[in-house]
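Hi,

Here is the structure I said I would pass on. Have a look at it first, and then read my notes below.

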Amino acid sequence: MSTRVIASALLAVLLPFGSGAITMSGATTGGQQARAADATIGVRVIGKSVLGRKIRAYHLGQPGRQKVVLISTMHGDEPATHQILDSLRNGPPITGLDLWVVPIYNPDGLARHTRKNAHGVDLNRNYPYRWANLDGAYESGPRPASEPETRAMMRFLTDVRPSRILSFHQPLYGVDTDTKFPRFARRVARKLDLPAKVFHCGGVCHGTMTMWYNHRFRGGAVTAEYAAHPPRYRMRVRAPRQVLSIWGARRP
């Protein structure tokens, strides 16, 4: 039996199965060998979408440092910002920060290029804090946390409990300073070269992920919005560097 076959068999025995499975950097993920420059030190499937697509969180950086989570593509028609998280994941190792990234939170919406998930629910109105029965563009679902994507993210954040979360969106172009830690939000705006703004959700905000996290946990969540069509260079090169600079993290 070849060394490669033996190693593959051993890996299959050692790695756990199920929604919480972890694969270490260098292991086969999704049928493709991880690249040597990949910053990923672990991968967790945090849940599945309505249509059964896996939602993955990638662990980067240095465990034991300040813990941060970055989330993008909560709305499937806001696809540009996941390039920031992909660039962080696929680049050189990161030091000075314990970082988790969820590049594609709403895979069904992304596949259909729609804001909502496959049930027609806006995931950013489905969280249980100040949930309201909304219809139309901001359909909030039949009840709080009715959607599998919402429950998956709630479990993940409850387990990881980051000190800070950045939730990336489009196209309002700014960082929301009407949040739990406004001084931190203003720092994010400066570092990302985005204007500091106040977002009111077109009225009163209901059932958003950042509101839920800010209410329930000691850490703070902030929304950062880019333009509708941000330049590719900004998303893939400038923004990843700027994100790391918020916490003084580095890569070679």
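Which element gives the most to the lining of the largest pocket? Strand 11 does, with 4 residues. Before I go on, please keep in mind that this is a predicted model, so everything below is computed from predicted coordinates.

**The pocket**

The largest pocket has a volume of about 700 Å³. Its lining is made up of 33 residues, and those nearest the centre are D176, F199, C201, C205 and T208. Besides strand 11, helix 6 (209-216) also supplies at least two residues of the lining.

What about the two ends, buried or exposed? C205 is buried, at 17% relative accessible area, while C201 is partly exposed, at 26%. The cut-off for buried is under 20%, so the two cysteines fall on either side of it.

**The overall picture**

Stepping back, the protein chain has 7 helices and 11 strands. Of its 252 residues, 50% count as buried. Among contacts with a separation of 6 or more, 68% are between residues 24 or more positions apart. The accessible surface comes to about 12100 Å², and carbon and sulfur atoms account for 54% of that.

**The cores**

Which residues touch the most other members of the largest nonpolar core? L70 and F168 do, in a core of 33 residues.

Leaving out residues up to four places away in sequence, L70 touches L85, L88, L99, W100, V101, V102, L166, F168, V243 and W247. A second, separate core has 24 residues, including I55, W100, L123 and M154.

Helix 2 (residues 82-90) is the other helix I would pick out. With 8 of its 9 residues buried, it is largely enclosed by the rest of the structure. The buried ones are H82, Q83, I84, L85, D86, S87, L88 and R89, and among them L85 and L88 are contacts of L70.

A few spots in the loops deserve a check on your side.

- The peptide bond from Q170 to P171 is cis, with omega near 0°. P171 is in the loop between strand 8 and strand 9 (174-176).
- Y173 lies in the loop between strand 8 and strand 9 too. It has a positive phi of about 55° although it is not a glycine, and at 32% relative accessibility it counts as partly exposed.
- T73, in the loop between strand 6 and helix 2, also has a positive phi, about 60°, without being a glycine. T73 counts as buried, at 1% relative accessibility.

**One more loop**

Finally, G219 is found in the loop between helix 6 and strand 11, and it counts as buried at 8% relative accessibility. What does G219 touch, not counting residues up to four places away in sequence? The list is P162, S163, R164, K180, F181, Y213 and N214. G219 and R161 are 58 residues apart in sequence, yet their C-alpha atoms are 7.4 Å apart in space.

Over to you!

Definitions and conventions. Residues are numbered from 1 along each chain as its sequence is written. This is a predicted model: local features need pLDDT of at least 70, side-chain atom pairs count only at pLDDT 80 or more; totals for chains, interfaces and linings use all residues. Side-chain values use heavy atoms; hydrogens and water are left out. Buried means under 20% relative accessible area, exposed over 50%, partly exposed in between (1.4 Å probe, protein chains only). Contact means heavy atoms within 4.5 Å. Accessible areas come from the Shrake-Rupley method with a 1.4 Å probe; for residues, only the protein chains shown count as cover. A nonpolar core is a set of buried Ala, Val, Leu, Ile, Met, Phe, Trp, Tyr and Cys residues joined through side-chain atoms within 4.5 Å. On a 1 Å grid over the protein atoms alone, a cavity is a set of points where a 1.4 Å probe fits but cannot get out, and a pocket is an open set with protein on both sides within 12 Å along at least five of seven lines; lining residues have an atom within 4 Å of a point. Grid points are joined across faces, edges and corners, and a volume is the space filled by probe spheres set on the points.
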